[in-house]
Amino acid sequence: MSGDRDGKYQPTLTTSGVQGECLVTVKNPAGAIVVEREVDQAQLTDKRALVDVVDCLHRDLMIAEGRLEPSVMAALRNAALTRPIACA
């Protein structure tokens, strides 16, 4: 994942729970945590669930950067209500 303005984001994946949950942490080039999400290990091994996880991380990064318009955010919220996704 690359930031358009400041360089590259630094993602890390660590085991965080007793049942194998993983913590995904994305830091900006300055080392500050921008996004942090806990995901089930099953989400990382299932292709469709992994795509949802990556999509959610991308959306959260765009929100953190202030690059999503309010109307787009509302549409994403409505879409999330109509289908189950892997976002935390």
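Which residues make up the largest nonpolar core? Keep that in mind while you set up the view.

This is a predicted model, where local features need pLDDT of at least 70, side-chain atom pairs count only at pLDDT 80 or more, and totals for chains, interfaces and linings use all residues. Residues are numbered from 1 along each chain as its sequence is written, and side-chain values use heavy atoms, with hydrogens and water left out.

**Stop 1: the whole chain**

Show the protein chain as a cartoon. It has three helices and five strands. Helices (H or I, at least four residues) and strands (E, at least two) are DSSP runs, numbered from the N terminus. Their order from the N terminus is β-β-β-β-β-α-α-α.

The protein chain exposes about 6,000 Å², and carbon and sulfur atoms supply 53% of that. Accessible areas come from the Shrake-Rupley method with a 1.4 Å probe; for residues, only the protein chains shown count as cover. Of the 88 residues, 25% are buried. Buried means under 20% relative accessible area, exposed over 50%, partly exposed in between (1.4 Å probe, protein chains only).

**Stop 2: the sheet**

Select β3, β4 and β5. They form an open sheet in the order β3-β4-β5, with antiparallel pairing. The edge strands are β3 and β5, and each pairs on one side only. Neighbouring strands are turned by 15° against each other on average, direction ignored. Two strands pair if DSSP finds at least two bridges between them.

Go to β3, residues 10-15. Six bridges pair it with β4 in the antiparallel sense. Pro11 stands opposite Val26 in β4. Six residues lie between the strands of this hairpin, where Gly20 takes a positive phi near 85°.

Move on to β4 and β5. These run antiparallel and are joined by six bridges. Val24 faces Arg37 in β5, and Val26 has Val35 as its bridge partner. This hairpin has five residues between the strands, and Gly31 takes a positive phi near 95°.

**Stop 3: Thr25**

Select Thr25 in strand β4. Is Thr25 buried or exposed? Thr25 counts as buried because its relative accessible area is 6%. Glu36 in β5 stands opposite. The two side chains make a polar contact at 3.1 Å. A polar contact is a pair of N or O atoms within 3.5 Å; within protein, one must be able to donate a hydrogen and the other to accept it, and residues adjacent in sequence count only if both atoms are side-chain atoms.

Beyond neighbours within four places in sequence, Thr25 is in contact with residues including Gln10, Pro11 and Thr12. Contact means heavy atoms within 4.5 Å.

**Stop 4: the core**

Back to the opening question. Select Tyr9, Cys22, Val24, Val26, Val35, Val39, Val53, Leu57 and Leu61: these nine residues are the largest nonpolar core. β4 (22-27), β5 (33-39) and α2 (47-65) each supply at least two of its residues. A nonpolar core is a set of buried Ala, Val, Leu, Ile, Met, Phe, Trp, Tyr and Cys residues joined through side-chain atoms within 4.5 Å. In soluble globular proteins, nonpolar side chains tend to be buried together.

Show α2 next. It lies across β4 and β5, at about 155° to β5. Axes are lines fitted to C-alpha atoms, for helices over the stretch in contact, and angles run from 0 to 180 degrees between N-to-C directions.

Finish on Val26. Leaving aside neighbours within four places in sequence, Val26 is in contact with Tyr9, Gln10, Pro11, Ala32, Ile33, Val34, Val35 and Leu61.
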